[in-house]
Number of protein chains: 4
Amino acid sequence: MKDMLPNEIISKQQQLDEMVLEFKNYTANGATASYIPALKKADPNDLGICMISSEGTFIKSGDAEKSFTLQSISKVISFILACKTRGIPSVLEYVDVEPTGDAFNSIFRLELSHPGRPFNPMINAGAITVASLLPGDSPTKKIDSLLSFLEKMIGRKPMINEDVFLSEWKTANRNRSLAYWLKETGYLLCDVEEAMEVYLKLCSIEMTVSELAQIGLILARDGIHPYSSELLFSPEIASLTKTLMLTCGMYDYSGRFAAFVGIPAKSGVSGGILAAIPPSARVLNNRSTSWGIGLYGPAIDKHGNSTAGVKLLTYLSKEWNLRLL
Amino acid sequence: MKDMLPNEIISKQQQLDEMVLEFKNYTANGATASYIPALKKADPNDLGICMISSEGTFIKSGDAEKSFTLQSISKVISFILACKTRGIPSVLEYVDVEPTGDAFNSIFRLELSHPGRPFNPMINAGAITVASLLPGDSPTKKIDSLLSFLEKMIGRKPMINEDVFLSEWKTANRNRSLAYWLKETGYLLCDVEEAMEVYLKLCSIEMTVSELAQIGLILARDGIHPYSSELLFSPEIASLTKTLMLTCGMYDYSGRFAAFVGIPAKSGVSGGILAAIPPSARVLNNRSTSWGIGLYGPAIDKHGNSTAGVKLLTYLSKEWNLRLL
Amino acid sequence: MKDMLPNEIISKQQQLDEMVLEFKNYTANGATASYIPALKKADPNDLGICMISSEGTFIKSGDAEKSFTLQSISKVISFILACKTRGIPSVLEYVDVEPTGDAFNSIFRLELSHPGRPFNPMINAGAITVASLLPGDSPTKKIDSLLSFLEKMIGRKPMINEDVFLSEWKTANRNRSLAYWLKETGYLLCDVEEAMEVYLKLCSIEMTVSELAQIGLILARDGIHPYSSELLFSPEIASLTKTLMLTCGMYDYSGRFAAFVGIPAKSGVSGGILAAIPPSARVLNNRSTSWGIGLYGPAIDKHGNSTAGVKLLTYLSKEWNLRLL
Amino acid sequence: MKDMLPNEIISKQQQLDEMVLEFKNYTANGATASYIPALKKADPNDLGICMISSEGTFIKSGDAEKSFTLQSISKVISFILACKTRGIPSVLEYVDVEPTGDAFNSIFRLELSHPGRPFNPMINAGAITVASLLPGDSPTKKIDSLLSFLEKMIGRKPMINEDVFLSEWKTANRNRSLAYWLKETGYLLCDVEEAMEVYLKLCSIEMTVSELAQIGLILARDGIHPYSSELLFSPEIASLTKTLMLTCGMYDYSGRFAAFVGIPAKSGVSGGILAAIPPSARVLNNRSTSWGIGLYGPAIDKHGNSTAGVKLLTYLSKEWNLRLL
């Protein structure tokens, strides 16, 4: 934080506070996820954000202290861990890296394409496959391996919200439909119910925006922990993961998010968004700053993304010159 | 070119020569486009590349003197010109910016999605729509406006290869099918045959890899001409176009190209590839170098991309640290 | 007509009059085809029917004197003539006989199935293919061969409604889209514009319900003309055609029409319906009566079928024990 | 049997024997169902048939004594029983009656059509829905109600082949995928696993061709038992069921079977075929004969139909003038 002047920090804090205040209005355009009862109970008016830079800047604004479940954001972590333990080529045998333009819980492309490899790990089908690839020969071990991996990133083992998990477990018909299809075509390496337990428990991991921001920063820094400087995963994995976030991370709004916001991000239907912004030569002062962003705004749109979150990031990306291209 | 040492230029030239030599073998994995007779006649063993940097580096290697038609690479130019003359929001009313995972000449999504707006301007359906949005109330004027725009970029008005145009015109059944569908759903602003003439003549524009590289550099530099420093189109258009190249530019291999190569690029079934690489903070010496790349390798794969070209760019991107993420 | 008692005729006439009166109300549930301007002008309240039996019964009721265009009903005649001149196996190389459940002007299945043979001749794609198979090396000759064939059936060469034809010709974007796709995949044996002229002129042939009923009776009697006893086409062709009418004749309502009405029929978006009811052993008196039916009710539903016509035939089929199964 | 001369019976027996002998060769064109291990074990060379007429003719030929599982033929029985206990309109709220042209285990149309009602009860999705509609509040009761219903038809309670059931139960991934999808969209009235147990046990009911033929005759006679003359289900249900067999009974070959064979039939991947042929006025002697047919030929084609069975029925239908139209 040495080369950042205090008044600049204040200024960014103020800017962010003003943005959060303004874009909070957009929570009214969305609603909390109705198909998972435990998610429906969230306060739709919430909007909180945390940003951490490679230079030590730490800014929070809005409803930034609440815990929420990762939902699809966990797809990013699973993919990284699967690649780390199996190697990228082995993972890509089971899941491709093509965006589709289809809804996150779509199945028809699995039938229409042969042999039915899920198109990418950021949609449900692909993420269920990835859950089955995690290290450990039981759901408990698979989940624990992921929680341990997260512990290295955020300094504590996060909790699984059992209420949310049970709520999802009971209503996971469409995900089970996807899983059984994948089982049939050979793209699931464990039992369906085991894969479902892993997948849904990972969706139910609880975190705060600060913790998400820290994960974002590690991704932005190509796997290097900001404090310990430990390399938690390879730059190749970081690079591939960020690319997937850019091309497929925001459900069937991914192309527009890439076009209008331009940063690698992954959303969940809980209203969370994880973003990882690598250093850019575009910024005027040419400072090689990376950013990690965690955001929470549980009112979501038809695509499954936080309404206020997308608006806030669109504005922020432009104002602070964060976009990649 | 002032801050680039001569021996470094030589070195890059040598590196590139070696790569071209090595990856030329991959031309054997592809074949020239069979469905357009005039393209089939190209020499499948050709592989040429030109790279121009913002610092004045100019490197050519391989079969770099041949002229070839732009084919789908023209989609990039049309989109830029349509946005420049109509404004981005007006263009996006007629074409979306979502990748699809579908083949370049696919139609089923136009029927299955309502109201049938083409998903992005990098596939045939979207590009035919964009052709109808170009300035000018006749095919001749639309084409001329695009050629004049190209003249500003490359210093000469390029020629249209009439043989290729006629060959495509006679075999454009599938494109006409797309165009009539678009006409029915209101996503074509002129007559079908006029749109076809414009679209196919733009596909038939002839250029060299050096000229493509120059266009790539202008895109990489957000619309600024490298010599005149004239702003030919806005940074917003450049940014949006490069994002589309990254998410949808390489047909239904786009996701994998983004993942494994990681640079904004657009290919054509003639075997041409245009790439635009903005300055990056990732490079070790932190120099803010932009690159424009033009490539030609007419043996293409099942996706429609130059087989040797994709291999060469994959290697080059890694070796020279060109990827965005 | 010898073994039919006069009072039974009167009775059937009265029954039909009452039905027409009652089911005319259902015209209010539909609307005239809006996408063809010349069809939109029809009186939506019209409902007329004619029934002719193999025993000479001839009953008309309602608005039974109006001429209207065949539209998709012409698909039946084209298919018969193509089979008659080329032989069934040769025709089936170009068009299959599978129902699809898709809308009449759907295209996606042509892309998703390989090699893209249209699924049946009762939907637009298949009928456009069949139009190209008709005898004659020019549109005029193809059309004339079909009009001459019709003359043998109804005793006069019917007229083509040029207004309707021109109206359809100008708005045939979706049909042209289908035709160009078929051309690309090899399922069109003449030029697209020639096929369009033939197809749309056949759609624009004008007839009355009496004439339709006579054609229906010929089909019901396996190709034998009711008065001349001339065999106009083979029983095999009659059989295949009636089967196609039963499985695919009422657009994407065909399955329900077969289930709830149970007679071979073909509708057009002009509101016409042609039905052919072969002799049945089901009727109590075991009389081997065949029926031909012509119906006209231009207010159509979302599937493209006459709203009042479907209701009337559903009731009539039940009351008069006409269903096959 | 009174008005049938003995030598005519002999003649039909001889004819059938000759046909079976000839068409047995076509078993070589198919293979036993590979995806259900217990079915794979059947003798692929088997071909047997039984025909029973309303006049008492009873003919068997070939391998006609073997028991085999109903597989998809059970879909017919379930549908009849569901309609009998709930009424047709109530059943049709959950399953439509439209043919699709899709494979029997296809899912994409459930996603693409809204709200996702299965298109007909003769494909897996629709039949799984129907299984959930059967009377009884447990799988055991549902299955027992169907076995009791079958007992009324064939005079004994058939057995469930537990080996086949277990084999299918373990490999039912794709059916479970369909079932979970149906559960999500509200088209399954019980738990998925309960529906699967019912559905797969019904598929595993064992019968002989004679018993199938008897069921076929009951269907042909509109629900009337040939010996007791008891009405087992209404003519409306019989009529609807036979129509569905005609339009959708032979998987994605249904349209061609209707066109080339022309009789209501339902096949199973065990190689069984059930056919129900109502009295016809077409036969020369005008005798109102109904036929029930049971067939077994376990070598199946890519559609899932007995290869030799389809060939035999095609020939038989033509020779004996059995087709409806």
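This section describes chain interfaces, a helix packing and selected backbone features in a predicted model.

The size of an interface is often given as the accessible area lost when the parts come together. For chain B and chain A, the buried area amounts to about 2900 Å², of which 59% falls on carbon and sulfur atoms. Each side is represented in the contact by 37 residues, 37 from chain B and 37 from chain A. Between chain B and chain A there are 6 salt bridges. A salt bridge joins A:Arg256 to B:Asp96, with 3.7 Å between the closest N and O atoms. Polar contacts across the interface of chain B and chain A comprise 16 residue pairs, both residues of each pair being at pLDDT 80 or more. On the side of chain B that touches chain A, the elements giving two or more residues are helix 5 (108-112), helix 12 (235-248) and helix 13 (254-260) of chain B. By class, this side of chain B consists of 17 nonpolar, 10 polar and 10 charged residues.

Chain B also contacts chain C, with 16 residues of chain B meeting 16 residues of chain C. About 1600 Å² is buried between chain B and chain C, 62% of it on carbon and sulfur atoms. Of the area that chain B buries against chain C, 35% is supplied by B:Asn173, B:Tyr180 and B:Trp181, more than by any other three residues. Between chain B and chain C, 2 salt bridges are counted. A salt bridge connects the side chains of B:Glu111 and C:Arg174 at an N to O distance of 3.8 Å. The polar contacts between chain B and chain C number 7 residue pairs, with both residues at pLDDT 80 or more. Helix 5 and helix 9 (173-185) of chain B are the elements that give two or more residues to the side of chain B touching chain C. Helix 9 of chain B gives the most to that side, contributing 8 residues. The side of chain B that touches chain C divides into 5 nonpolar, 5 polar and 6 charged residues.

Over all chains, the structure holds 60 salt bridges. Within chain A, the side chains of A:Lys157 and A:Asp144 form a salt bridge with an N to O distance of 3.4 Å. This pair links distant parts of the chain, 13 residues apart: A:Lys157 is in the loop between helix 7 (139-154) and helix 8 (162-170) of chain A, and A:Asp144 is in helix 7 of chain A.

Within chain B, the axes of helix 6 (residues 124-133) and helix 10 (residues 192-203) come within 8 Å and cross at roughly 105°. Helix 6 of chain B is therefore roughly perpendicular to helix 10 of chain B.

Most residues other than glycine have a negative phi, and most peptide bonds are trans. The peptide bond from B:His114 to B:Pro115 is cis, with omega near 5°, and B:Pro115 lies in the loop between helix 5 and helix 6 of chain B. In chain C, the bond from C:His114 to C:Pro115 is cis, with omega near 5°, and C:Pro115 lies in the loop between helix 5 (108-112) and helix 6 (124-133) of chain C. A:Asn321, a residue other than glycine, has a positive phi near 55°. A:Asn321 is in the segment after helix 14 (307-319) of chain A.

Key
Residues are numbered from 1 along each chain as its sequence is written. Chains are lettered from A and ligands numbered from 1 in the order in which they are written. This is a predicted model: local features need pLDDT of at least 70, side-chain atom pairs count only at pLDDT 80 or more; totals for chains, interfaces and linings use all residues. Side-chain values use heavy atoms; hydrogens and water are left out. Axes are lines fitted to C-alpha atoms, for helices over the stretch in contact, and angles run from 0 to 180 degrees between N-to-C directions. Helices (H or I, at least four residues) and strands (E, at least two) are DSSP runs, numbered from the N terminus. Angles under 35 degrees count as roughly parallel, over 145 as roughly antiparallel, 65 to 115 as roughly perpendicular and the rest as oblique. Contact means heavy atoms within 4.5 Å. Buried area is the accessible area (1.4 Å probe) that two parts lose on being put together, summed over both. A salt bridge is a side-chain nitrogen of Lys or Arg within 4 Å of a carboxyl oxygen of Asp or Glu. A polar contact is a pair of N or O atoms within 3.5 Å; within protein, one must be able to donate a hydrogen and the other to accept it, and residues adjacent in sequence count only if both atoms are side-chain atoms. Ala, Val, Leu, Ile, Met, Phe, Trp, Tyr, Cys and Pro count as nonpolar, Asp, Glu, Lys and Arg as charged, and the others, Gly among them, as polar.
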